[in-house]
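My entries follow in the sequence in which I checked them.

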Amino acid sequence: MSAALRTQLLLFLISLSAQRMLCRYIEDNEASDGLYSLLSLDQKRGTEDFIFRRPLRCLDMLATEGDFTFVASRPQLACAAFIIAEPSEVISLELSDVSIDCNAGDFIKMFDGWVLKGEKFPSSQDHPLPLHQRYTDYCSSIAPGATSRSSQNVAMIFFRIHSPDSGFTLTVKKLHNPFPCNIMSQSPEGSFTMVMPHQRRNCSYSIIYPVEIRLTELSLRQAKSNELRPKWRVWSGCSGSGDYVELLGGNGVDTSGMFPVADLCFSHSGLAQMKIGCDNSVVRLVSSGNYINRVSFKYRLLDHDELPKTQENSLENFCTVE
């Protein structure tokens with residue numbers, strides 16, 4: 001994980017902690033191993049049987065498999081841990097050794113996605129499950145433990161514990177995902193291909209940086225092998241086609257509230273590029289489920305002198321750039 005991403009996620013976590021009045025927790029712990037240590041994710045694995053273990057903090061970021069144990073030293077009323085995997089992976093979470101008092105207001109909830117500054121990724125429009133099914137509540141679970149599996153490469157847990165010495169262990173595992181969909185990028189530079197084979201689903205690739213995106217291949221409305229390809233039709237905008245790619249920009253993580261920069265609803269090969277000077281840049285593939293859709297793209301971080309000035313923003317200043 002790049003240093004730039006660590007800084008970006010650090011800002012996210014500081015914002016979250018300020019909203020939830022966790023600043024004192026950060027100050028009390030920064031002398032020993034501050035927030036940057038939360039993002040020190042290069043732990044080495046010895047053998048296949050090795051299980052990485054470390055304490056879980058009230059405010060944490062996890063990007064490796066292992067067992068993470070939280071034990072409250074004092075009442076912790078607003079805690080969260082963010083988990084991220086590679087784009088081609090989903091995340092399995094399991095709780096064990098839980099000692100909390102649900103009747104006293106303690107809780108542990110796992111969420112399929114991320115919640116940042118009140119916004120959810122993936123958005124309700126792009127996630128295959130309704131919002132209430134994306135939460136797994138330990139206190140509402142009949143089984144002694146609780147498990148959750150994400151639909152994409154990010155997940156998180158929220159927890160509140162009142163009594164000292166109470167806590168739990170969280171086991172994080174990563175599983176291969178043959179058709180990645182709704183991805184949070186770990187890097188401001190890279191390339192990716194999204195494929196949606198005959199599924200009615202929307203997929204977003206979110207890059208939490210201002211970047212230049214270059215579409216290198218776009219294949220839409222590819223019929224099944226035993227069908228004729230449909231004839232070209234004219235729609236009033238790409239959204240009427242049912243199968244299209246759109247580029248979005250915004251300063252949050254919920255794609256439903258982001259500004260549409262461009263959309264494409266015809267296949268092409270070769271380069272098409274767009275600079276998006278927002279905190280979050282998104283490639284979104286919308287599929288009707290009738291065809292095989294595919295989009296390949298590359299992206300890179302914009303240099304400071306490439307960022308649009310406020311008065312020069314042709315998109316009516318939808319992103320604030322300083």
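The notes below cover the conventions, the disulfides, one loop lysine and a sheet.

**Conventions.** I am working with a predicted model, in which local features need pLDDT of at least 70 and side-chain atom pairs count only at pLDDT 80 or more, while totals for chains, interfaces and linings use all residues. Residues are numbered from 1 along each chain as its sequence is written, and side-chain values use heavy atoms, with hydrogens and water left out.

**Disulfides, count.** I took a disulfide to be a pair of cysteine sulfur atoms within 2.5 Å. I found 3 disulfides in the structure.

**Cys-58 and Cys-79.** I looked up this pair and noted an S to S distance of 2.1 Å. I read -95° about the S-S bond, a left-handed link. Cys-58 sits in the loop between strand 1 (53–55) and strand 2 (59–62), and Cys-79 is part of strand 4 (residues 76–84), so the bond ties together parts that are 21 residues apart in sequence. I then checked accessibility, where buried means under 20% relative accessible area, exposed over 50% and partly exposed in between (1.4 Å probe, protein chains only). Cys-58 is buried at 0%, and Cys-79 is buried at 1%.

**Cys-102 and Cys-139.** I noted that the sulfur atoms of this disulfide are 2.0 Å apart. The link is left-handed, with -80° about the S-S bond. I placed Cys-102 in the loop between strand 5 (89–99) and strand 6 (107–111), and Cys-139 in the loop between strand 9 (135–137) and strand 10 (146–149), so this pair ties together parts that are 37 residues apart in sequence.

**Cys-181 and Cys-203.** I read 1.9 Å from S to S for this disulfide. Its torsion about the S-S bond is about -105°, so I logged the link as left-handed. Cys-181 lies in the loop between strand 12 (167–176) and strand 13 (183–184), Cys-203 lies in strand 15 (residues 202–207), and the pair links distant parts of the chain, 22 residues apart. Cys-181 is buried, with a relative accessible area of 1%. Cys-203 also counts as buried, at 1%.

**Lys-117.** I located this residue in the loop between strand 7 (114–116) and strand 8 (119–121). Lys-117 is partly exposed, at 42% relative accessible area. Which distance separates the C-alpha atoms of Lys-117 and Gly-252? I read 8.0 Å, for residues 135 apart along the chain.

**Sheet.** I counted two strands as paired if DSSP finds at least two bridges between them. On that basis 5 strands form an open sheet of mixed pairing, in the order 1-3-12-5-10. Strand 1 and strand 10 stand at the edges with a single partner strand each, so one side of each has no neighbour in the sheet. I noted an average twist of 20° from one strand to the next, with axes as lines fitted to C-alpha atoms and angles running from 0 to 180 degrees between N-to-C directions. Strand 1 pairs with strand 3 (residues 66–71) in the parallel sense, over 3 bridges. I looked up Pro-55 as well, and its bridge partner in strand 3 is Thr-69.

Technical notes:
Helices (H or I, at least four residues) and strands (E, at least two) are DSSP runs, numbered from the N terminus.
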